[in-house]
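Subject: Structure handover

Dear colleague,

Please find the structure below, followed by notes on what was found in it.

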Amino acid sequence: MIKLYDNGVYVVNGHEIIEDCDSNQGVIDNTLKSHNTDREEAGKGSIAYNILKNHNVSDNMDKLRIKFDKLTSHDITFVGIIQTARASGLDEFPVPYVLTNCHNSLCAVGGTINEDDHMFGLSCAKRYGGIYVPPHQAVIHQYAREMLAGCGKMILGSDSHTRYGALGTMAVGEGGPEIVKQLLKRTYDIDRPGIIAVYLTGKPVKGVGPQDIALAIIGEVFSNGYVNNKVMEFIGDGVDNLSVDYRIGVDVMTTETTCLSSIWKTDTKVKEFFEIHGRKEEYKELNPSSVTYYDGMIYVDLSKIKPMIAMPFHPSNVYTIDDLNNNLYDILDEVEKKALISLDNNNVQYTLKDKIRNGKLYVEQGVIAGCAGGGFENICDTADILDGKYIGNDEFSLSVYPASQPVYMELINNGSISKLLATGATVRTAFCGPCFGAGDVPANNGLSIRHSTRNFPNREGSKVTNGQIASVALMDARSIAATAANKGYLTSACDIDVNFSKPKYFFDGRIYENRVYDGYKKADKNAEVKFGPGIANWPDMISLTDNILLKVVSVIKDEVTTTDELIPSGETSSYRSNPHALAEFTLSRKDPSYVGKAKEVREMEHARQASDLQNESLVRLTGIFSLLKDKFNADYSNTEIGSTIYAVKPGDGSAREQAASCQKVLGGLANIAHEYATKRYRSNLINWGMLPLIYEDMDIPFTKDDYIFIPDIKNAILEKREIIKAYIVGKELKEFDLKVGNLTDDEREIIVKGCLINYYRN
């Protein structure tokens, strides 16, 4: 059972909940008086508030300027980040910066380019004083849990699932430019976020795992934006009933709620975690104050949660497994209708009803992997469920990826790996591929159940534009194991008779001592940075001109547009060190015409910059500029030409900056949206010098291929105008209003300079 409070709440002594409403005003007044406090002070009592306060270098807790303790990136983000930082004046990594290699670790596409990126990373760790984790040693977030997290600390990572709240660490996943700012000793600037209590009570029933809890919460809060860009703070007696591994499994999935970060109260179990990993000094007990005010509350009775499944194509599309099995045709019909909206492609015949065999749902694949599924406890429980059973020799397969080599070693030592291999399952090294379509891609029309993080369209690696479609449903490892024991027929872990052995975990740090390069505070200015032929520099980007002329090259009316749709994952990962090559994939699974149209607009701008007014592409704009000259004195000298896309709510999902930078490389100057799904995507646009424009009405006045003229845009940004006048350019000018929302002074300067690189260069 999950309840969302309509108002803020006071939590007294960690367990008494008083909703902030008129009917409770007397109780609230007496409570505040008896504790000698008030509403303002109670609002400062959360764990999150105090961690933010300790990391804020401004004198204003409403306008935060955060400096993080540590940074982390992986091998499809760190090349672009370091290249941007180098172009902006990087001298030395000022804090521990960990470069993990867990995304492009297969080195299977594009010749040497993946391993070239790894060698670039190692050479930069030597030159600038970084920490380098070689391929197959650990997925980014497991290494951070084992070796970076600390109670009361803050970590910034260039991956959206940067979440270490269960270990008392406020962690934030952002696009690469925010990492660059920290590397250049600048700050992470945000308005103070709201803080939502997640009050856990009770104890999960046998067979219910952390993914079940997480999916149940996501299903309640995603669509209504209850925690959007806020911090989720986990408290309540139910926390005490969860192991640390279990808490981590819930915590990592908070990203899918669109929250900014997460934090949990800590206890002796967390203390033991740090002691096991040889870092006992990182433990500190964290609790909210005796009276704490939260901006809202998610109340979760853990004992009422059942095994869950998130059906295609979003983690919020949740059902209980029992409900699905009992109402197969009705629910699958509902799922198929939702899927057709997401796929937006009439050439694909999509159905899941063909998976029904003898009245049961059959799946072709199970995967337990990555930062969400690859934990020690998940895999031990999986092995116990499958002990003495086998997965069969039909279509169903099962792959298991321990999240780190230390976890893998202990699973070998306690016999879990032997149990799994005996069933017919395969066990792989630490790798994030199944989470983004670079490993375990199902067959066309296949259905895969995964304890991983996302199930967006084509996230598993299929390509709708090539006529391929496969589906991912998210589940907990225990129910995946139960399904495997039933040879592919969907089964709840609560329907399996099993004795969970719960073996103790022993961490062997020698694995990292022998392989990880730790160069922190040992920067060698004479070390040569190694560049492979696939690593390219960012193109030059100009400052914002007085006016801009935008061509609308794509209009997306979907309710939400994910970063996977803006720049696909999977096959593109090998090209992320080359902005020009990567840009060719922009919107390729959503609007295949986008790249060609954007390039046409870019050609106009290149001709404008070269003053090649006889260029055929510019000649086509003669009529438009004649009109603009008469009305606004706008001409080629003061009006930049660029492309824009419209999407209702873009930017859900991954933190990858390339969702924005690829548009900029192709000549993009702006996005127009009803709203932005995440703070991190909007920040990526800004850091690449793109305007995050907002049109508040759902009924847009323009359409694809229209030109939009925005006069005096440079001054509008610098003067903080709330309303920006824009004009659809036809035979006449049709006026409408745009906004850019709140921008910091630095963000305004970044946009005016043209991008973050230019801002720091200047």
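Gly-488 sits in the loop that runs between α18 (477-485) and α19 (510-515). Helices (H or I, at least four residues) and strands (E, at least two) are DSSP runs, numbered from the N terminus. The model is predicted: local features need pLDDT of at least 70, side-chain atom pairs count only at pLDDT 80 or more, and totals for chains, interfaces and linings use all residues. Residues are numbered from 1 along each chain as its sequence is written, and side-chain values use heavy atoms, with hydrogens and water left out.

Gly-488 counts as buried because its relative accessibility is 0%; buried means under 20% relative accessible area, exposed over 50%, partly exposed in between (1.4 Å probe, protein chains only). Leaving aside residues up to four places away in sequence, Gly-488 touches Leu-361, Tyr-362, Val-363, Phe-396 and Thr-483, where contact means heavy atoms within 4.5 Å.

Six strands form an open sheet with mixed pairing, in the order β9-β8-β5-β6-β7-β25; two strands pair if DSSP finds at least two bridges between them. β9 (170-173) and β25 (517-518) are the edge strands, each pairing on one side only. Three bridges join β5 (residues 70-73) to β8 (residues 154-157) in the parallel sense, and Lys-70 has Ile-155 in β8 as its bridge partner.

Regards
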